[in-house]
Amino acid sequence: MYLAETYGVPLAAAIQRVEQVQVPSGRYQIHSGRYTVIDDAYNASPLAVQAALSALQNFRGRRISVLGTMLELGPTAPELHAEVGRSACESADLCFGVGPYAELLGHHAYRTVPELTAALKAEVQDGDVILVKASRGISMTPEQRAQEGVGLETVVSELLKWRDQQPETA
């Protein structure tokens, strides 16, 4: 409202413009439906994960965090993953981790992305809100990404595809 007033834009016009903003894939893109998937899988740092977890708390429904490896953290990587994992388990009703730090990231820990995806499909219910966040690992092959718990955009696409194929539950 402040910016609209400052620049002389009528509030209704400002609201309309904001509603037309399209967020790029993987940048906190919210996919609403029977269950909601928050695609924040473009990149991850400890600060960015903490911010996403904080935002997750504003959603109604069972909150699920799905966190993968944060790359380029150096020798502090284990401690930083553990810190983020503690926050995830405090912020979400269910917390999943994937990759070499999976056990630090969530109570439900999986070594590979395919294992994680299968577990999520067995757990997700109508009304859930699922935050998916990890580093992309763009320089890795798809096979390496699946093994290292990065590039979780495949988890997002699988959850959305599966959601759209399943009948609604009462």
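**Ground rules.** The model is predicted, so I take local features only at pLDDT of at least 70 and side-chain atom pairs only at pLDDT 80 or more, while totals for chains, interfaces and linings use all residues. I number residues from 1 along each chain as its sequence is written, and side-chain values use heavy atoms, with hydrogens and water left out.

**Entry 1: the sheet.** I looked up the strand order. Helices (H or I, at least four residues) and strands (E, at least two) are DSSP runs, numbered from the N terminus. Six strands form an open sheet, ordered E1-E2-E6-E3-E4-E5, with mixed pairing. E1 and E5 (108-110) are the edge strands, and each pairs on one side only. I count two strands as paired if DSSP finds at least two bridges between them. Neighbouring strands here are turned by 15° against each other on average, direction ignored. For angles I use axes fitted as lines to C-alpha atoms, for helices over the stretch in contact; angles run from 0 to 180 degrees between N-to-C directions.

**Entry 2: strand E2.** Which strands does E2 pair with? On one side I found E1 (residues 29-31), antiparallel to E2 over three bridges. A hairpin of four residues joins E1 to E2. Gln-29 has Asp-39 of E2 as its bridge partner, and His-31 has Val-37. I also found E6 (residues 129-133), which runs parallel to E2 and is joined to it by five bridges. There, Ile-38 has Leu-131 as its bridge partner.

Next I checked burial. Buried means under 20% relative accessible area, exposed over 50%, and partly exposed in between (1.4 Å probe, protein chains only). Five of the five residues of E2 (residues 36-40) are buried, so the strand is largely enclosed by the rest of the structure. Both faces are covered: Thr-36, Ile-38 and Asp-40 lie on one side, Val-37 and Asp-39 on the other.

Entry 3: H4 (residues 77-91) touches E3 (63-67) and E4 (94-98), and its direction makes about 160° with that of E3. Contact here means heavy atoms within 4.5 Å. H6 (residues 113-123) lies across E3, E4 and E5, and runs at about 160° to E4.

Which residues of H6 are buried? I noted Val-113, Leu-116, Thr-117, Ala-119 and Leu-120. Seen down the axis of H6, the buried residues fall within an arc of 165°, so they line one face of the helix. The arc is that of the directions from the helix axis to the C-beta atoms.

Entry 4: Leu-131 lies in E6 and is buried, at 0% relative accessible area. From Leu-131 to Cys-95 I read 36 residues in sequence and 9.6 Å in space, C-alpha to C-alpha.

Cys-95 took me to the disulfide. I take a disulfide as a pair of cysteine sulfur atoms within 2.5 Å, and the count by this rule is one. It joins Cys-89 to Cys-95, with S to S at 2.2 Å. The torsion about the S-S bond is about 95°, so the disulfide is right-handed. Are its two cysteines buried or partly exposed? Cys-89 is partly exposed at 25% relative accessibility, whereas Cys-95 is buried at 2%.
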